[in-house]
Amino acid sequence: MAKISIITVNYNMREGLLRTIRSVLAQRYTNLEYIVVDGNSTDGSRAVLESELPPSARWSSERDCGIYDAMNKGVRMSSGDWVIFMNSGDTFADPDVISDVFAIPRESDLVYGDKLWRYSELKLTRFVRAEDPAVLPYRMHCSHQALFTRRTILADHPFRTDIQAADYAFLLAAWVEGRKFEHVSRTICVADAGGVSDRNRLESLRQRLTLVRAAGLLSPAIYLGYARMAMLALAGNWLRAVLPASLVRKLLILKRGSI
């Protein structure tokens, strides 16, 4: 039975941390290792760690240099065959996720599934199916909350800490290297929209385009694709600024559906 390391990064998200911990501890898979890396929170998160985590869990609470520095630290603390990042506020879709994914041995390097994307302010949740990694020159094909990666790969290729698109950089590099990706038809997680890349969409796109160019993958079609995504990001920012939340919610449902 493969050993799975679940890593949670937290900074001043006490309620989200509590929700994530309870979701992790509800998993029915038995060979789990749980690690929480807290950035010296001041909102009571440490008390949650002390009261909610079982003795088998490992945790630290000290200053770090941001989310990817903390994720790298979590990898160094881990010992599992596989690693998944379930950061504060993220939850598994149900208690049988890991049992279902690892019901059979996995020979791939990265195993990923689908997600539920939650827009808390709009009271909207939508299903997002993961894509083939061939789309990586344009965008991430899955979320890190829905991705199991062999720990040895993460140890050998830590996340960059100088860019906000570090998870994208990691996945693009893995794909360029010829790592074996495997999709499982399973909803893995429930995650909140509005992460770092979502909040700074234009900068994220600029960084991703730079990474694609550095990998020698840039083509006229990809460049035009990024120009289109930049225009859509600008339009989306404007619409969210001027339209009432109820109308934004309706537009999202029309475009992408909901559950």
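1. A nonpolar core here is a set of buried Ala, Val, Leu, Ile, Met, Phe, Trp, Tyr and Cys residues joined through side-chain atoms within 4.5 Å; buried means under 20% relative accessible area with a 1.4 Å probe, protein chains only. The model is predicted, with local features needing pLDDT of at least 70 and side-chain atom pairs pLDDT 80 or more, while totals for chains, interfaces and linings use all residues. Residues are numbered from 1 along each chain as its sequence is written, and side-chain values use heavy atoms, without hydrogens or water.

2. The largest nonpolar core has 37 residues, of which Phe85, Phe159, Tyr168 and Tyr226 touch the most other members. Helix H6 (residues 166–176) gives the most to this core, seven residues; helices are DSSP runs of H or I, at least four residues, and strands runs of E, at least two, numbered from the N terminus. A second, separate core has 27 residues, including Ala57, Met86, Ile98 and Val111.

3. Beyond its neighbours within four places in sequence, Tyr168 is in contact (heavy atoms within 4.5 Å) with residues including Leu136, Met140, Arg208 and Tyr226.

4. The axes of H6 and helix H8 (residues 201–214) come within 10 Å and cross at roughly 20°, the axes being lines fitted to C-alpha atoms over the stretch in contact, with angles from 0 to 180 degrees between N-to-C directions. H6 is therefore roughly parallel to H8, a term for angles under 35 degrees. Tyr168, Ala169 and Leu172 of H6 meet Arg208, Leu211 and Val212 of H8 in this contact.

5. Helix H3 (residues 67–77) is mostly covered, with eight of its 11 residues buried. Among them are Asn72 and Lys73. The cover includes strand S1 (4–10), strand S4 (82–85) and H6.

Technical notes
Buried < 20%, exposed > 50% of the residue type's maximum accessible area, 1.4 Å probe, protein only. Parallel < 35°, antiparallel > 145°, perpendicular 65-115°, else oblique.
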